[in-house]
Amino acid sequence: MADSEQQIKKYRGNCHCGAFVFEFEAPEIKSGVICNCSICYKKGYFAITPGVELKIVKDGGTIKQYQFGEKKWKHQFCSKCGTATYGTSEFFDPPMNMGINARCIQNLDIWALQERHVDSTAHPPPYTPPTHPGPLPSPQSIPDNQGTLYHGSCHCGAVTAALKVDHPFESQSYKGMLAECNCSHCIRGGYVWAYPTKDQLVISGRENLTWYEFNRKIVRKGSCKHCGVLVLAEPVPIQEGEEVSEEMRKFRDGFKDIRPVNLRVVNQDELDVEGLRRGGRVRQARRAGGGGVCESVSIIEEREDGG
C-alpha cells in the first residue's frame, strides 16, 4: 500500500505531568529516528516527522524553549516534569519543520518500533562539552589510582557531573546494573540508569536543577531548568519532625547510599550510551511485567497518563 493510501490514525501525546497535551493525525507510526547529535543524545529523543500540524489540547503554561549554537532549532520541553515534547526548525517550511518526540505519545510501544540511527556528530558546528569545575569523586571503595572517571553535564552546562566507577561501563568486568525502563516517566526521556553510590558521583550546579516528584513522592528526579536534560534521581528530602510512612522509611534506608544517574549526561567521547543499548549491556525492564528495575530498585513509580 502506498504511503498516501495508508490508514490515518489519531495520536495523542502529553508531557508526564499532563500540563501539555497535543494531538495529530498521521499514518501508523512504525519507526523513528535516534540521532546522535548532542541534544538528541542527551534528551534521548525518538524523533518522528509526520508532516502535520499539532493540535494543542491543553497548555498549562509549563512549556519552555531551549536554543543553542546557531539557534536554528527551537526545542520545547516541560519545565515541570522535564519531558521533551517537540522541536521546530528554520531549515524547512511548516509542517515539515516539526519533529515530535514519539516517546510522549500515549499507548505507543517505543521498544517495538524500528530504530533508524542517524550519525549527525560530523555536522558543524561541533558541540564542545562543558567542563566540570570540580571537585572530583573520591569513593572509599575505589583507590585513587584505580577505577574509571567519567565527566558529563546537561546540554547547556549549567549542571555538570563527575562519576567514578570500578570498571568501565563497556567492560565485562563492570558488574553493576545498567537499566532502561519503560515506566511512564523513564520512557519519555529514554533514560539509561546506572546506580553508583553517593560518593562515586559529584554534581556541580545543583541550584540549576528542577526537581520532579509524582505518585507516592518517594523519589524526585532532577533536570536542568534551562535545557531540560535529566541528570539524576534521589530520595525526596524529609523535613525535621515530618511523619514518614513505614514504606517510605524502608525505601530510604535501602536507597540512602545510592544515587541513580542518567548516563546520557556523560560526555559522548567518553561513553557511547547507544552502543551500550544496542550491544545488550543495558537491561530493558518492562514495568508492567512485575519485578522490573523500577519496581525492584524503586527509582520511580508508575502512573496513569491522563490527558
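Which residues have the most contacts inside the largest nonpolar core?

1. **Basis.** This is a predicted model, where local features need pLDDT of at least 70, side-chain atom pairs count only at pLDDT 80 or more, and totals for chains, interfaces and linings use all residues. Residues are numbered from 1 along each chain as its sequence is written, and side-chain values use heavy atoms, leaving out hydrogens and water.

2. **Main core.** Leu163, Phe169, Leu178, Leu263 and Leu271 have the most contacts inside the largest nonpolar core, which has 36 residues. Such a core is a set of buried Ala, Val, Leu, Ile, Met, Phe, Trp, Tyr and Cys residues joined through side-chain atoms within 4.5 Å. Buried means under 20% relative accessible area (1.4 Å probe, protein chains only). Elements that each supply at least two residues include β3 (31–35), β12 (160–165) and α4 (273–278). Helices (H or I, at least four residues) and strands (E, at least two) are DSSP runs, numbered from the N terminus.

3. **Second core.** A separate core has 28 residues, among them Phe46, Ile48, Ala102 and Ile187.

4. **Val231.** Val231 lies in strand β18. Its relative accessibility is 2%, so Val231 is buried. Beyond four places in sequence, its contacts (heavy atoms within 4.5 Å) include Val159, Ile203 and Val265.

5. **Cysteines.** There are zero disulfides. A disulfide here is a pair of cysteine sulfur atoms within 2.5 Å. The sulfur of Cys35 is 3.6 Å from its closest cysteine sulfur, in Cys37, so the two are too far apart for a bond. The sulfur of Cys78 is also too far, at 3.6 Å from the closest cysteine sulfur, in Cys81. Cys78 is buried, at 1% relative accessible area.

Notes:
Buried means under 20% relative accessible area, exposed over 50%, partly exposed in between (1.4 Å probe, protein chains only).
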